[in-house]
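Here is a structure to read through questions. Each answer sets a value against the rule behind it.

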Amino acid sequence: MPFLEYNTAIVLGGTTLLGFASGVIGVLGLLRRRALLGDALAHATLPGICLAFLLFGRQFGALLFGALVTGIAGVALVALLSRYTRIKEDANIGIVLSVFFGGGLALSTYIQKNSVDAAQAGINGFILGRTAGMVQADLIFICTAAVAVCFVVLLFYKEFKLLCFDPDFAAVEGWPVVRLDFLLMLLLAVTVVIGLPAVGIVLMVAMLIVPPAAARFWVAGLAPMMWLAGAFGALTGAAGSLTSTYAADLPAGPVIVLCGSALFLISLLFAPRRGILARARDRRRWRKRRAIRGFLRILYEASEAALPERAALPIADLLGRFPGRAREAEALVAHAARAGWLERAESEERAALRRSAPRAAAAAEGDDAVRLTAAGLQKAAEAARIHRLWQHYLRTSAHIDRDIVDPDAEEIESILPRAVLAQLEEDLKNAGTLPGGGAPVRALAGLPRELAT
Amino acid sequence: MNWLAEQFAALSPAVQATLWTVLIAMAAATSSALLGSYLVLRRMGLVGDAISHAVLPGLVVGFLMSGTRELWPMLLGAAIAGLAMTYLAEWLRRHAQVEAGGALGVVFTSFFALGVILINLYASQVDLDPGCVLYGALGTSALDTIRILGLDVPRSFLSLGAVALLDLAFVAVFWKELKISSFDPALATTLGISAIVMNYLLMGSVAVTVVAGFEAVGSILIIAMLIVPGATAHLFTDRLATMLVTAVLVGWIAAAGGCLLAVHFDTSEAGMISVVAGAEFALAALAAPRYGIAARILRGFAFAFRIVQEDVLARLYRLEEGVAVRDAGALAMHRPAAERLARIYLRARRQLTRAAGGWALTERGRARAQALVRSHRLWEGYLSEQLRLPLDHLHEAAHRMEHYMTPQFAEKVEERLVQRDADPHGRRIPPQPSP
């Protein structure tokens, strides 16, 4: 038996194309905040399928057409109810979804009990999806519709883009917003309907939501998002239909959806900038940077009394000034030493000990003090300057108690206007507490002054 | 009680089963209508839908772990799954910045898909038919009975009744908290009621209710019982207590009517219950006294008709004055048929009479018209004096405003005018007619 039988290959092609189309159109639905309307749409197709079956028998095209008609009717009803009654859209979606589906269920049970035709299984296949029963003609139909949907999206790309990002502006500019919305609904409906045989009514909404939501983690911008969501959708459809072909007991819809969920999970975790691991890494980096700044300020304050002489700072003293745990402080000392901000030094006690009892001093292990290097002093003065300016600002201008805000965290130059900054520096200089010996206002490296104004 | 039991036992088994089916469905409707009303008020209808799908894997795992069809392990598993779904969707929205509807959609479809696959994988061990879970099996659950007080009571009636009592107790105990946190979460938080805790309590109860209702109506259609009664009741009333009672009644009618119709047409009870519920909602949406679409349209018509009447009267008044023939002609702005209807109505109300070759105002009609013309001219004076609008900008504005001015308001306007006896065009401002 070859790896892909002819029939399997066709099913694979159909679900792949379907996945692509639903990913593309789903992006528009998600951005237009109509994500769950697709759920109402899918559920509202059931009575149409059953009615079409009662009228025309099991003809694939007729069933899908019936589905399209009641699906659109359902969505239109949601819009009308939201517009003309006090019931909100969420409840209307729930109402249309359950009542239409209930009506469909009653009809299908009726058909099951009264139809001699064994084709009732055809209807049940629509509920949770069943790719196995598809024949070539069905798939050609699905493929044509999927290609048509993508083509219309391409044709109206600019209009849809405006509709998704600024519908009010579109309306003011004279675009036919209502008609465009209706076109979007129509495309959604066609996509849902061609997806029903493979994915099923209950889970079709996932095909519209999951690939776009996953794509959103990786890219920004409408066109890249559509391409990626389309690709994700295609991948989901292909993987799902292959799995369900080789594990014949499982209905196709749930398998396809779980493939999509896996893709979503991967995106959620590993996407480079919006993924949660990347976010956690950014947060960690920011915390570290903040801790280093705070530590540099402590170094400056410890050295301040002896300036311009760079005093030896006993490590025990530094640990006492540090608000956090000792272990963190030691790590920060090591980090500053590696960065070339600190050099080894000797505390006065140790120096005195060395003078009086050289042997005992040599026996004491390691250095017990550090000293800022010239580069380190500059860095530390900068950190202290920012801290004091900000603190001064908060106390005098914003009347915020200094305990409440953490001044080490903020980049004062990027927040306050230049004139305010100059005034603050003037104040501190007059009080004699401006770090850097009253040097003129300087920008931090890489932060142009213009940004601050 | 004994007499009732005897009567019941005397019924044929088929009728007994039907009655029990109705009672089971009504028990399910009670609890879901109660909680669903809160979902409607909190605009969380879709959360109800999502929970009803998401409990499926919890149900299956609870079933697999306990190995029996006992209700409690399944309830526990389902409640956990429902809460986990709510939490995950909220987490995605907050921390991964997925849009709210999208977050809900991703999570609940994944949960549901997982549930269906679990059922299929363990089909040999699980005496749980996907069809039963999806669509319910009211008819068969009425047959699984236990003997209490000399009656064969279906187990599912007992469990659903217990859940209904539980939900009733929940609503009664947390009445104030639920009310405040539903209508004003910020106020609730400042009063020391945690809106978040109330939210999760409600979600947990919804999950339990959904599972208990599974047997009756299935996972997909429980949403009909949750949302439709609450929404229907919301069309009738603004008071919470009234709304809850109405919702339960609506749910009962749907349950009883749906079951009986299903028997009649020999089709699915769950389907017919939601169809009946939908019909009730449609009726309410069309015909509810204040919020129905018909009432809205009628109010619009009544309002438009009042304006036509007033314009007809005012035109005759001006013709009587004999000063503003040109204006009066320009005022014939309504459709002839509407004006004819207004004249017939006004004649019946004795505000107009037939006069030689036309119409004339009666005393009552003149009084009404005089008040209207007075309002019109006062407003013209106001616009001219206070807002310094040019003369040719006054009429249109006053023509609209005249229909909204009460006598008290007209008096206030008059107090502010310098020129009180004539409007800016020089026409007399008539006094307020004595009632």
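Q: What makes domain 1 and domain 2 of chain B separate domains, and where do they lie?
A: Domain bounds come from an automatic or database domain assignment. For chain B that assignment gives domain 1 as 12-288 and domain 2 as 296-415. Their centres, taken over C-alpha atoms, are separated by 56 Å.

Q: How do you know what kind of model this is, and how is it numbered?
A: This is a predicted model, in which local features need pLDDT of at least 70, side-chain atom pairs count only at pLDDT 80 or more, and totals for chains, interfaces and linings use all residues. Residues are numbered from 1 along each chain as its sequence is written, while chains are lettered from A and ligands numbered from 1 in the order in which they are written.

Q: What scores does the model have?
A: The ipTM is 0.84 and the pTM is 0.81.

Q: How do you know which parts of chain B have the lowest and highest confidence?
A: pLDDT is the predictor's confidence in each residue, from 0 to 100. Chain B averages 86, and 92% of the residues score at least 70. Within chain B, the lowest mean is 50, in helix α15 (residues 325-330). The highest is 93, in helix α12 (residues 240-265) of chain B.

Q: Where in chain A is the pLDDT below 50?
A: Chain A averages a pLDDT of 81, with 85% of the residues at 70 or above. Residues 437-453 of chain A fall below 50. Beyond near neighbours in sequence, that stretch still has 21 contacts in the model. Where pLDDT is low, the predicted coordinates should not be read in detail.

Q: What makes residues of chain A and chain B count as in contact, and how many do?
A: Two residues are in contact if their C-beta atoms, placed from the backbone, lie within 7 Å. By that rule, 50 residues of chain B touch 45 residues of chain A. On the chain B side, α3 (45-66), α5 (100-121), α11 (195-234) and α13 (269-287) each give two or more residues. The largest share, 13 residues, comes from α5(B). Helices are DSSP runs (H or I, at least four residues) and strands are too (E, at least two), numbered from the N terminus.

Q: Why are β1 and β2 of chain A said to stand at the edges?
A: Two strands pair if DSSP finds at least two bridges between them. The open sheet has three strands in the order β1-β3-β2 (chain A), with antiparallel pairing. β1 (312-314) and β2 (342-345) of chain A each have a single partner strand, so one side of each is left without a neighbour in the sheet.

Q: How do you know that β3(A) pairs with β1(A) and with β2(A)?
A: Three bridges join β1(A) to β3(A). Four bridges join β2(A) to β3 (residues 369-372) of chain A. A369(A) of β3(A) stands opposite P314(A) and also opposite A345(A).

Q: What makes the crossing of α3(A) and α4(A) right-handed, and at what angle do they pack?
A: A crossing is left-handed if the near helix is turned anticlockwise from the far one by less than a right angle, and right-handed if clockwise. α3(A) passes α4(A) in the right-handed sense. Axes are lines fitted to C-alpha atoms, for helices over the stretch in contact, and angles run from 0 to 180 degrees between N-to-C directions. On that scale, α3 (residues 60-84) and α4 (residues 89-114) of chain A pack at about 145°, with axes 9 Å apart. Among the contact residues are L77(A) of α3(A) and F100(A) of α4(A).
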